[in-house]
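Take a look at the structure below. This report walks through its salt bridges.

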Amino acid sequence: MASIIESGWRYLITNFSDFQLACLGSFFIHESVFFLSGLPFIYLERAGWLGKYKIQTKNNSPAAQEKCITRLMLYHFGVNLPVMIFSYPVFKFMGMQSSLPLPSWKVILTQIIFYFILEDFVFYWGHRILHTKWLYKHVHSVHHEYATPFGLTSEYAHPAEILFLGFATIVGPAITGPHLITLWLWMVLRVLETVEAHCGYHFPWSLSNFIPLYGGADFHDYHHRLLYTKSGNYSSTFVYMDWIFGTDTGYRKLKALKSIGDEDNKKQT
């Protein structure tokens, strides 16, 4: 398996420049993973399939879904792509490389874990700041236009927010100067996580059922349902920051009440 990956990587670095791979390649991977993982939730919602796993009963209209997609294309080409291009010199300066040999899985795994920890910390505080009155009204309210989120709404946000919270995602790689394959893997995992958190469905196979402190869709959906001053649940991937600072108390109380209700229903049946 390692030799296959290495052969494929050799083809890439032989036929494309560092700039093409780091900027255009990263953009292509991001768009592919984002839309391939996010679009199915639109069709699930429209068709009503797997409805018993849907967190909210309300559905988004086709017009609202199409508006989201149109804005996303504008934001991705007008904000994300330029940011990837202009940040290239910074990543090169910090030591990013694309040459062989590829880093070991131990190095990749260590860096990815570090990125998740750092991203959770930076995102939490950035997200809380966005829920202050002025910033929410003028910036973050765009993201909250969808009180019933679906996968693609994960990146539906004001351009200023894209830059502000995007910093949380890139600060870890900027510090470590990773190999490009590590950066791509981190980007894929981060995109899949945020799409899942906004998908609007809680499945039996959802990661939050198996990984301790993992937020997931149920955790973040609560955040979208409430008014900005009372929402809480500001965390990104793992929820320990909300737990430490007590900003998930409303969610935990709701889960406890629901659990009691479920137990009572079982006893009655």
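## Salt bridges in a predicted model

Aspartate 218 and lysine 255 join their side chains in a salt bridge, 3.1 Å from N to O. A salt bridge here is a side-chain nitrogen of Lys or Arg within 4 Å of a carboxyl oxygen of Asp or Glu. Aspartate 218 sits in helix H8 (residues 216-225) and lysine 255 in helix H10 (residues 249-268), so the pair ties together parts 37 residues apart in sequence. Helices are DSSP runs of H or I, at least four residues, numbered from the N terminus.

This is a predicted model: local features need pLDDT of at least 70, side-chain atom pairs count only at pLDDT 80 or more, and totals for chains, interfaces and linings use all residues. Residues are numbered from 1 along each chain as its sequence is written, and side-chain values use heavy atoms, with hydrogens and water left out.

How many salt bridges does the structure hold? The count is ten. Three of them are listed here.

| Pair | N to O distance |
|---|---|
| Aspartate 218, lysine 255 | 3.1 Å |
| Lysine 54, glutamate 45 | 3.5 Å |
| Arginine 46, glutamate 66 | 3.8 Å |

Arginine 46 belongs to helix H2 (residues 18-47) and glutamate 66 to helix H3 (residues 62-93), so this pair ties together parts 20 residues apart in sequence.

Now for exposure. Buried means under 20% relative accessible area, exposed over 50%, partly exposed in between (1.4 Å probe, protein chains only). Lysine 54 and glutamate 45 are both buried. Aspartate 218 is buried at 15%, while lysine 255 is partly exposed at 38%.

Finally, Glu119, Arg190 and Glu193 are linked in a salt-bridge network.

Key: Helices (H or I, at least four residues) and strands (E, at least two) are DSSP runs, numbered from the N terminus.
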